[in-house]
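This note sets out a few points for a colleague who is opening the structure for the first time. Please read each point with the model in view.

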There are 2 protein chains.
Amino acid sequence: MAGSIPRATVARLPLYLLCLEGMSQAIVSSDQLASTAGVNSAKVRKDLSYLSPKGTRGVGYDVKELKQLIALKLGRMASSVVAIVGAGNLGQALAGFEGFSEHGFTVAALFDTDPAKVGNTVGGTRIYHLDELGSVVAGEAITIGMITTPEGPAQEVADKLAAAGVRSILNFAPAILKVPEGVEVRRVDLSTELQILSYYLNIEKDAAG
Amino acid sequence: MAGSIPRATVARLPLYLLCLEGMSQAIVSSDQLASTAGVNSAKVRKDLSYLSPKGTRGVGYDVKELKQLIALKLGRMASSVVAIVGAGNLGQALAGFEGFSEHGFTVAALFDTDPAKVGNTVGGTRIYHLDELGSVVAGEAITIGMITTPEGPAQEVADKLAAAGVRSILNFAPAILKVPEGVEVRRVDLSTELQILSYYLNIEKDAAG
DNA sequence: TAGATTGTTAATCGATTAACAATC
DNA sequence: TAGATTGTTAATCGATTAACAATC
């Protein structure tokens, strides 16, 4: 079963893909990939073994084959359609982010409640009113939702996304969302990241001082 | 020594803080905090025990006291000064992100190489030329750098930040950065997050179909 | 005292990695 | 065959959590 890949391994697959994309060679060894990715080579081999063995002993892995295999496992072959809720600075920035299309994601719609924004387009993507969420999600076959609203409306937006059938949410709002069973939420909290950085900055100072 | 707090615990402290900030009550039990944060209550108690015991048996934790204690441990009492390199959509969005100032971070400068942007201000923050990085970092006492450039120049920017004495980098570019010993990098890769989401989206479909 | 909840121990779990047989 | 590197085992490590004595 596909679900038997450990979460830690799944989280590293995009990293390996990123490393492979920057390589010009045809064959790569686990040692090379490991040092590029900054991890242990045994870990690389173990991680890749979940994909079904694709390396050649004594030689290494075929870069092109490996890229396809990882992309396939990540479900990237069938392009996913994304909606962004919250057409503020961050939402608009994400709507224009080229990295998404490079990895098989299409931003099909932005949503907001501001009448001054609704109806406009950002980089070719139309801004709809939040009330239209249900019909647009269905019409555009949207499977991933990104929440870029402030903290206040985040939970309500999550509820609407879940009700519309969206099962994957990437949450940029500084809020802990309650969602029904079966909905996967990943939180990307910029101040959390900064606070973690800040902690290590300070213990370094302590150690030095 | 401060560094003896496990990395997994450090990564959860901002989450607890976020949960506590949303609470109106004066006292909270590990059970309540755990269910709000979505983790096990034994984990909460263990995590908090690294801060030095602050709870009262039979009662719980004082919310206000706990907030201050976590903030203190995270080094947030002394506000950190941030530079953002790359004044594109994402960089400008981050420069205007209120969440930073709410958590004791000040964005002191943006950097870019585009002559059309240099000299402008975004939400009160000035855009400098990348060549001025060294002097501005020193002058503004910048300790954290955020890289919001495309993949191409990301490594060069990291080199310049490290050379300027910045020891904490938050990297939004889809690139694996090589940095000197002692520099902490956290990568925030939006397509990585989407790919992980996409994986779980697909195994769910497999299980259902 | 009786009830509640912490702080901590010890068992468990899962992830990491050294080591090496398999094999190209 | 000799050299290299995979795939996998088994040991190790660190994080999680059930359980409970301590104690408010």
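1. The second largest pocket holds about 660 Å³ of space. Its lining is made up of 33 residues, and those closest to the pocket centre are Thr148(A), Thr149(A), Pro150(A), Glu151(A) and Glu98(B). It should be kept in mind that the model is a predicted one.

2. Chain A contributes to this lining through α5 (89-95), β4 (105-112) and α8 (151-163), and chain B through α1 (7-21), α5 (89-95) and α6 (98-102), with at least two residues from each of these elements. The largest share, four residues, is supplied by α8(A). By class, the lining residues of the second largest pocket comprise 16 nonpolar, 10 polar and seven charged.

3. Within chain A, helix α1 (residues 7-21) packs with helix α4 (residues 63-73) at an angle of about 145 degrees, and the two axes lie 10 Å apart. The crossing of α1(A) and α4(A) is left-handed.

4. On the α1(A) side of this contact are Leu13(A), Tyr16(A), Leu17(A), Leu20(A) and Glu21(A), which meet Val63(A), Leu66(A), Lys67(A) and Ile70(A) of α4(A). Seven residues in the contact of α1(A) with α4(A) are nonpolar and two are charged, while no polar residue takes part.

5. Gly58(A) is found in the loop that runs between α3 (41-49) and β2 (61-62) of chain A. Gly58(A) is classed as exposed because its relative accessibility is 86%, where the cut-off for exposed is over 50%. Ser29(A) is 29 residues from Gly58(A) in sequence, and their C-alpha atoms are 9.1 Å apart in space.

Definitions and conventions: Residues are numbered from 1 along each chain as its sequence is written. Chains are lettered from A and ligands numbered from 1 in the order in which they are written. This is a predicted model: local features need pLDDT of at least 70, side-chain atom pairs count only at pLDDT 80 or more; totals for chains, interfaces and linings use all residues. Side-chain values use heavy atoms; hydrogens and water are left out. On a 1 Å grid over the protein atoms alone, a cavity is a set of points where a 1.4 Å probe fits but cannot get out, and a pocket is an open set with protein on both sides within 12 Å along at least five of seven lines; lining residues have an atom within 4 Å of a point. Grid points are joined across faces, edges and corners, and a volume is the space filled by probe spheres set on the points. Ala, Val, Leu, Ile, Met, Phe, Trp, Tyr, Cys and Pro count as nonpolar, Asp, Glu, Lys and Arg as charged, and the others, Gly among them, as polar. Axes are lines fitted to C-alpha atoms, for helices over the stretch in contact, and angles run from 0 to 180 degrees between N-to-C directions. A crossing is left-handed if the near helix is turned anticlockwise from the far one by less than a right angle, and right-handed if clockwise. Contact means heavy atoms within 4.5 Å. Buried means under 20% relative accessible area, exposed over 50%, partly exposed in between (1.4 Å probe, protein chains only).
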